[in-house]
Structures are given as C-alpha cells and as structure tokens.
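Try each task before reading its solution.

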Amino acid sequence: MATFIVCILASIEVQRTTNLEEKAVLKLNNISKVYHGSNSNNNSGFQVLIENIVLDNLNLQIKQGEFITIVGPSGCGKSTLLNILAGIDTSYRGEIFVDGRPISESIITDHIVIFQEGALFPWLTVYENIEFGLKIANLSRDKRREIVMHYIDMVQLTNFAHAFVHQLSGGMKQRVAIARALVLNPKILLMDEPFAALDVQTRRVLYDQLLQIHQKTKKTILFVTHNINEAVALGDRVIVMSPKVAGIKKEFVIELPRPRQLDYPLINSITKEIIEESRDLYLSNSSSANNSNNSTRPEHVLTAATISTN
Amino acid sequence: MQDTTQNSQQQSFKRSASAKKRIDFNDIANIALFIAVFVGIWQFVFLLEIWPKVSMPSPAMVAGSFVGLLRDLTLITSIGMTMYRLVIGFGISIAIGVVSGLAMVKFPGFGKTMSSFAVGLQSFPSVAWIPFAILLIGLNDFGILFVVVMSSIFSVMMSTYSGIGNIPPIYIRAARNMGAKGFSLFRHVMIPAATPSLLVGLKQAWSFAWHALIGAEILIAASIGLGHILLIGREFQLMDQIITSMITIFAIGLLFDRVVFSKLEDRVRDRWGLNQGIEH
C-alpha cells in the first residue's frame, strides 16, 4: 500500500512557522529538565549521583485556538512538561512564554491544568467546585453565579449543581473539572490524561463534549495522553515524544475538518500510520531512533485530501 | 437517555436525605425499655436492703434529690459553671492547639520533635497534672483550666498536624493552579481538607477535657460545679446527690457526643461520601 505520508513543500512550511510565531499563545524555547537521583544500592558503598535527562532542548509553539495532543510511552517526559507549563515545577532550563510574557510573570490562571482524576474538592458541591477559582479571585456573588451557571450548563451538569463529588460518575467528575478550569477563562488548558481512568463509552461521550467545547470556546488546549487514537481524533497537531531523545521525536499535523466526528474513517488509518512511524519508541531493543531532531517543524503532514487519493 | 439516568440518580439523593431525617420509633421504644429494666433492677436491689439507705438510695430518692437540686438552683448553676469552664478550657486548647499544629507543619524539624512529645503527653493521665497545677497555680479556677487545657491540647495539636500533613498533594496543586495562595489556600483548601481528621481530634480532645474537668473539680475543690457536688456528696454521705450529679455528667457527655459531634461528623461524612459502606 502506498504511504499515507506526504511531505509538505518547504515554502508552505516556512509560512506556517512565521504564522505560528506571530500568534503563539504558548512558546517554549530550549526547555531542558534533568532529574538528579542518587543510587546507594551499588557494591562500592558510595552514593552515586544519577543524572536523568527527561527533556533536552525542547522547542514548541502553540498558536491561539490550537488543539495540541502529546503522546508518548510512559517515561517520555509528558507529565514533566505539563508540570513545568502549569507552574508547578520551576526547576528547568529554558524559556517559556505565555501570551508573550515569561511564565513566571504570567497570571497563574492563564494556564489551568485538568488532572487525570481526584483533583475535585470533596468538601464542596459541584457548583462550589466550579466556583472555587472565582471565589479565590474575589468576584462578586452575582458575577460568580452568572459565570458558573454558564459553564455548568455547557458541561450539562445543571441538574447536579448541588450534588457532592462522591455522588458523581467518573465522567461527570471530569466534566466538573473541565468547567472548573473554563470559568477562569484561561489562555491555555493543560489536560493531563484527563480521560485515562474512564471506560471506553464514557470516554467517547467526553471526546464529543470536549470537541464541542473547543468549538464553542476556541480555547487553546494542550492534551497529554498515551492513546494515539485519542490524540488523532482530537488534535490539530499530534506531538510524539520519546524517552530516547528526551523530547519531541516527531510531529504530525492532522488536517481533518472541524467540527470533528469521532467515527471519521481516516482517524483510524492516521493512527495506524503514526504507530508505524513511531514503532521504535515502543520496542525496547530498537536501534533506529536516529530520526531524532528537536525542531518544531512538522515532518509529516497528514491531510484528508492526500490520504483519500491513495 | 443520559437525562433520565441523571434524574433518577438525583431523586435517589433526595430520598436518602429524607430517609435519614425520619425519627425511628423502634429505637425510642428500645431505649425506654432499657431504662425501665435498669431502674427496675435498681429498685429490686434497693428492696433487698443489702446496703444501708445512705449507700444505696432508691431511684425515687435520687429523683427527689434531682428535683431538690433543681429547685434550689444548685444543679443549674453547677451545670452552668462546669460548662463555662469547659468552654473556656476547650476553647483555649483549640486555639493554641491549632496554632501550634500549624507551626509544626510550617517548621518540619519542630514538627517532628514536637509530635513525639505530644504523643507521649496525649496519653498522659489528666489527673496526674492536678498536684502540679495545685502547687504551681493554686486551688482556683485557673488551676482547673490548666488541667483541662493540658489534657486536651495535644490531641488538637496532633490532629491539626497530621490532618494538614495528610492532605492529598493534588488538592494543593490544583488550588495553587487556580490562583489560591497564602491565607486563601489555608482558608479554602487546607482547613476544609483537614476537617475529617480535625474532627476526630476535636472529639477526642473534648472527651479528654471532660474527664480532666470533672477530676479537677473534685480534687482542686472548686466552690461550684458538678464535680463539687460529687465532693460534697462524699463528705456528707449524700449518695442521692452523688448519683444525681453522675447522671447529669453522663447526660451531658451523651448530649455532646450524640448531638454535637455526631451531627458534625454526619455532615462531613455526607459531604465527603465516607459513609456509603455503612448505609447499604
């Protein structure tokens, strides 16, 4: 079968890059992160310092309204990257700009994280959980109410406004988490495997809702997952990270039309293609990881048009 | 279809809430029967006349003494005075205990050392403080308060320390990420997140304070108080007064445990969903 991949012309690529630079809502320049561990379990009896490079000169730009998905096997630094972007982890080298401002000077609520699970506050109702950030920001009660009602309606939990967290299903909890992040009107939503703990059917419902929310709010979203199919179905760009190169291994542009349908037949073929392309990441004894480069340039552009002509 | 499941689930919340409010008449009947049997046995033992009347009064005599103590306001003032001391002493314990618990969280070195001391002092018998308090402070209300505070403060301290120390880090991370810091983080996240553990500590501290208070009232010879009634009763061989005071002490303990702390615990459990296993 002919390959699905079509490399895009250099001129178009240059144009894309300049476009990105203009409106980059998030810009990462040469981000490096090293973990220092110590190992005293060796025969010499001395402590040996271990340097574990998790991210090595990573560059990434995300423009306004873009839906970026990051995939990669465990240990590739996805979560580390997300913690850095969330402002939770500050021990890294490199520069991060949120909306043109260095991350240390940015407003913290401009980059809100949606965690995998268990981050809702059990002592608050659904309504109060969603209200939390607004209360911290000292908004008036009426203003808070207006905003909360808008987003609680968007995630279709109006009937559950006064339920407690433990009374909700896993999917509902994540919808609350999404609403809780959206009320703060962040510049970028950072999602850390938010649906990984859900069953397949619930996950599909939430993909649909997330796509609708993205369509409505035009939020910039950075979505970390280990599920390539999920990454393709949701993202405008899929970034494949590798533990071997300690950073971005490949980048795929997914030019499927929006609003997206989950049962779009091309999603599965693109997924297969990406798995094929990044096969070496998942094989332990592979020596073919020579493809590594850390540029943000997309190596492969998968479009609906090119694939259907094959 | 999702809507219908949502509605039915919502109805089930309401139903479980209303079911809890209904008073269980079976329970009341059981309690009444239990008390009746107890009073019956007591009356029977009294009629056997194994002990003289001074040592073993009849239920009717105790009831008479109860009415008498109520009439001359001794019982009311005693309850009032004892509760006053309890509120002040327990209040001081909570205030100092919570603050030092927080200091222990803030300064880990201090926290580690202090917690091993506090654990030892927590199980230190409260009556053992009394001679120390008498010599240090004297036979007065401050001596009693000192004993109450010393016997309950360490439970408050330890529960604050462990309650805040055991907050899942993800709550703190999420809250910081949503802009909470400093006092707002403390007020809106740390305190509510530590509440279940704090409540357990407060209940234990209350119980220790209550034990210490009655003991101190007897031994430090307060002029008024439930413990004082016990002391006078012993001095003048007024067993009916002693039993009246004991029943009052029992009732107050029960009231606090069942009404104040159970209500609080139920509310917290409902919110956090900690009693699902018990309900079904």
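The exercises below go from the two chains to single residues.

This is a predicted model, in which local features need pLDDT of at least 70 and side-chain atom pairs count only at pLDDT 80 or more, while totals for chains, interfaces and linings use all residues. Residues are numbered from 1 along each chain as its sequence is written, and chains are lettered from A and ligands numbered from 1 in the order in which they are written.

**Exercise 1. The two chains**

Solution: 
- Start with the rule: helices (H or I, at least four residues) and strands (E, at least two) are DSSP runs, numbered from the N terminus.
- Next comes burial, where a residue is buried if 20 or more other C-beta atoms lie within 10 Å of its own, exposed if 12 or fewer, and partly exposed in between, with C-beta atoms placed from the backbone.
- Of the 310 residues of chain A, 40% count as buried; for the 280 residues of chain B, the share is 30%.

**Exercise 2. Confidence in chain A**

Task: Work out where in chain A the pLDDT is below 50.

Solution: 
- pLDDT is the predictor's confidence in each residue, from 0 to 100.
- Chain A averages a pLDDT of 77, and 78% of its residues score at least 70.
- Residues 1-21 of chain A have a pLDDT below 50, and this stretch has 18 contacts in the model beyond near neighbours in sequence. Two residues are in contact if their C-beta atoms, placed from the backbone, lie within 7 Å.
- In chain A, pLDDT also stays under 50 over residues 284-299, with 27 contacts beyond four places in sequence.

**Exercise 3. Where the chains meet**

Task: Describe the side of chain A that touches chain B by element and by class.

Solution: 
- Count first: 24 residues from chain A and 20 residues from chain B take part in the contact.
- On the chain A side, the elements giving two or more residues are β6 (111-114) and α3 (126-136).
- Of these residues, 4 come from α3(A), the largest share.
- By class, this side has 17 nonpolar, 6 polar and 1 charged residues. Here Ala, Val, Leu, Ile, Met, Phe, Trp, Tyr, Cys and Pro count as nonpolar, Asp, Glu, Lys and Arg as charged, and the others, Gly among them, as polar.

**Exercise 4. A bent helix**

Task: Compare the span of α9 of chain B with that of a straight helix, and find its kink.

Solution: 
- Helix α9(B) covers residues 182-219, and a straight helix of 38 residues would span 56 Å at 1.5 Å a residue. The expected span is 1.5 Å times one less than the number of residues.
- In the model, α9(B) spans only 45 Å between its end C-alpha atoms.
- A kink of about 60° lies at B:Thr195, shortly before B:Pro196. The bend at a residue is the angle between axes fitted to the seven residues ending there and the seven starting there.
- After the helix comes B:Ala221, with a positive phi near 55°.

**Exercise 5. Buried or exposed?**

Task: Decide whether B:Thr160 is buried or exposed, then treat A:Ser32 and A:Lys218 likewise.

Solution: 
- B:Thr160 sits in helix α7 (residues 141-165) of chain B. B:Thr160 is buried because 26 other C-beta atoms lie within 10 Å.
- Leaving aside neighbours within four places in sequence, the contacts of B:Thr160 include B:Gly97, B:Leu102 and B:Leu198.
- A:Ser32 belongs to strand β1 (residues 24-39) of chain A. With 15 other C-beta atoms within 10 Å, A:Ser32 is partly exposed.
- Beyond four places in sequence, A:Ser32 is in contact with residues including A:Leu55, A:Tyr92 and A:Gly94.
- A:Lys218 lies in the loop between α6 (200-217) and β8 (220-224) of chain A. A:Lys218 counts as exposed because it has 10 C-beta neighbours inside 10 Å.
- Phi of A:Lys218 is positive, near 55°. Most residues other than glycine have a negative phi.
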